[in-house]
Amino acid sequence: MRYIQVETSGALNGSVHIPGSKNSSLALLAAACMADDVVTLEGIPAIDDMRQIVGIARDIGLDLQRQDNGDVRLDPRFIHSATIDPGKASAYRASYYFAGALLAKFGRVTIGFPGGDDFKSRPIDQHIKAFQALGATVTFREDHYVVEASELRGADIYFDTISHGATVNGMLAAVRAKGRTHLYHAAVDPEVVDAAALLNQLGARIYGAGTDCIRIEGVPYLNGGIHAVIPDRLVAGSFLMAVGMTGGQVTVKDVIPEHMGSCIAKLKEAGLEIEIGENSVTAIGSGIVKATRIRTSMYPGFATDLQQPMTALLLMAKGKSIVTEKVFPHRFNHVPQLRRMGAEIELRKDSAFIKGGRPLVGDWVHATDVRAGTCLVLAGLVAEGQTRITGVEHVERGYTDIIGSLRSLGANISLVERKTEAGQCGSDCI
Ligand SMILES: CC(=O)N[C@H]1[C@@H](OP(=O)(O)OP(=O)(O)OC[C@H]2O[C@@H](n3ccc(=O)[nH]c3=O)[C@H](O)[C@@H]2O)O[C@H](CO)[C@@H](O)[C@@H]1O
Ligand SMILES: C=C(OP(=O)(O)O)C(=O)O
């Protein structure tokens, strides 16, 4: 049995390096398959989703190696299969990028449905709409779907809703299509821009990524190249929230502060002092947090992926806070767990009504997804006694070493691996 054990911690102080973005990396790794030569990606974090991608790479003949200097080298020249095992596809969310990438390169892909964090409904209809608009047919089977096209042709695609994943997938599929594609109502997230930057580096012709209208002029092949992934704005935001809870002073290093605008604005509203450097952000927490309102939306709005850790922070604020989740209206699996720790939160439709300032008490709680895990870790830092968080594998989908980073700032946190089988060590092995 594995769990994260957090004990009441004092003020956090120090600085942490922020690794490459999980969401960007997952797109870049699939995008690299489309090249006709070797691609080197710098800064890809050693997160759990990488394990799935290594398995997929092995199956399809993509040579993927982590170099001694930490770079990931991908050689897509010998890919011999465009079939992604349904089990591997459903082990994480962004497997859907292999659909766009392999369709673009081979004109056919067979792939299982995406998994990832479970917020009840995570449709992929907009991805499918983009593939179909480019001339592909899509056939659904029990545990997989097949996308195929004798030729992909540029098209004008109007997304019905803003989707990060569908925007990137539409871009991937259109890069090698014949002619011009426009993606309207596109997501403007930094990770979309990062995917376009890699593809353009390889010879794609993508214009306007980062705006809501992206133009893609199809090219017949892509070269190899080198690209560094952008830093993880979501990991960075969660460390700033942690210092808001405990008090102290923490600097997140190697970030792009412009990507963190809405998070920084909300932290200031909640009473944190923020200093912005060229590629760092420092938060100074007094331990006093002000109640506020959060409403998630797509970038550049307040990120849904920061909603759960922000909820932990607002538990500290005396008075009423309201958190409204507009991107994934059911993303509240952390709330019953926080209630176990003494939090007073009422859920109505897509909103959590928080009565802050109640003392939290450590308990056994379960992380159902990446950010629910972060939220519980943060709550554990200020709860009385020990908080034990199961579902560690979810946390590991998003963080390379949240425990090591928080420990380096002074947090009382460890990973406990307890062997439970008869005859094996029954004590905690930390
Ligand atoms: C691997 C990855 O990058 N994951 C991120 C990505 O997920 P993901 O790309 O899956 O999320 P989307 O941006 O697509 O979802 C945004 C909204 O669009 C809806 N939608 C999406 C696609 C679709 O075909 N139809 C549809 O209706 C979703 O239900 C949701 O309400 O963006 C989310 C929103 O910022 C983040 O929380 C995830 O961390
Ligand atoms: C929702 C998330 O991830 P995924 O889309 O990979 O499930 C997340 O990172 O918070």
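## Domains and their contact

The centres of domain 1 and domain 2, taken over C-alpha atoms, are separated by 30 Å. Domain 1 covers 2-19 + 231-417, and domain 2 covers 22-228; these bounds come from an automatic or database domain assignment. The contact takes 17 residues from domain 1 and 17 residues from domain 2, two residues being in contact if their C-beta atoms, placed from the backbone, lie within 7 Å. On the side of domain 1 that touches domain 2, helix 13 (residues 392-398) gives the largest share, four residues. By class, that side of domain 1 has six nonpolar, four polar and seven charged residues. Here Ala, Val, Leu, Ile, Met, Phe, Trp, Tyr, Cys and Pro count as nonpolar, Asp, Glu, Lys and Arg as charged, and the others, Gly among them, as polar.

## Basis of the model

This is a predicted model, in which local features need pLDDT of at least 70 and side-chain atom pairs count only at pLDDT 80 or more, while totals for chains, interfaces and linings use all residues. Residues are numbered from 1 along each chain as its sequence is written, and chains are lettered from A and ligands numbered from 1 in the order in which they are written.

## Overall fold

The secondary structure of the protein comes to 14 helices and 24 strands. Helices (H or I, at least four residues) and strands (E, at least two) are DSSP runs, numbered from the N terminus. The C-alpha trace spans about 60 × 55 × 40 Å along its principal axes. A compact globule of 430 residues would have a radius of gyration near 22 Å, and the 22 Å of the protein agrees with this. The radius is taken over C-alpha atoms, and the globule rule is 2.2 Å times the number of residues to the power 0.38.

Buried residues make up 51% of the 430 residues. A residue is buried if 20 or more other C-beta atoms lie within 10 Å of its own, exposed if 12 or fewer, and partly exposed in between, with C-beta atoms placed from the backbone. Among contacts between residues at least 6 apart in sequence, 69% join residues at least 24 apart.

A residue is near a molecule or strand if its C-beta atom, placed from the backbone, lies within 6 Å of it.

UniProt, in an unreviewed entry, lists Lys22 and Asn23 for "binding site". UniProt positions are given in the numbering used here, feature names are shortened, and annotations may be inferred rather than shown by experiment. Lys22 lies in helix 1, and Asn23 is found in helix 1. Lys22 counts as buried because it has 27 C-beta neighbours inside 10 Å; Asn23 counts as buried with 26. Leaving out residues up to four places away in sequence, Lys22 touches Pro45, Ile47, Asp49, Asp232 and Gly398.

## Surroundings of ligand 2

Ligand 2 is surrounded by Tyr92, Arg93, Ala94, Gly116, Asp117, Asp305, Val370, Arg371 and Gly398. Three of these shell residues are nonpolar, two polar and four charged. Both domain 1 and domain 2 give residues to the shell, so ligand 2 lies between them.

A "binding site" feature from the unreviewed UniProt entry is placed at Arg93, Arg122, Pro123, Ile124, Asp125, Gln126, Asp305 and Val327. Asp305, in the loop between strand 18 (293-295) and helix 10 (307-314), is buried, because 25 other C-beta atoms lie within 10 Å. Asp305 touches Leu234 and Arg371, not counting residues up to four places away in sequence. Arg122 lies in the loop between strand 7 (108-112) and helix 5. With 15 other C-beta atoms within 10 Å, Arg122 is partly exposed.

## Gly261

Gly261 is placed in helix 9 (residues 261-269). Gly261 is partly exposed, since 15 other C-beta atoms lie within 10 Å. From Gly115, Gly261 is 146 residues apart in sequence and 29 Å apart in space, C-alpha to C-alpha.
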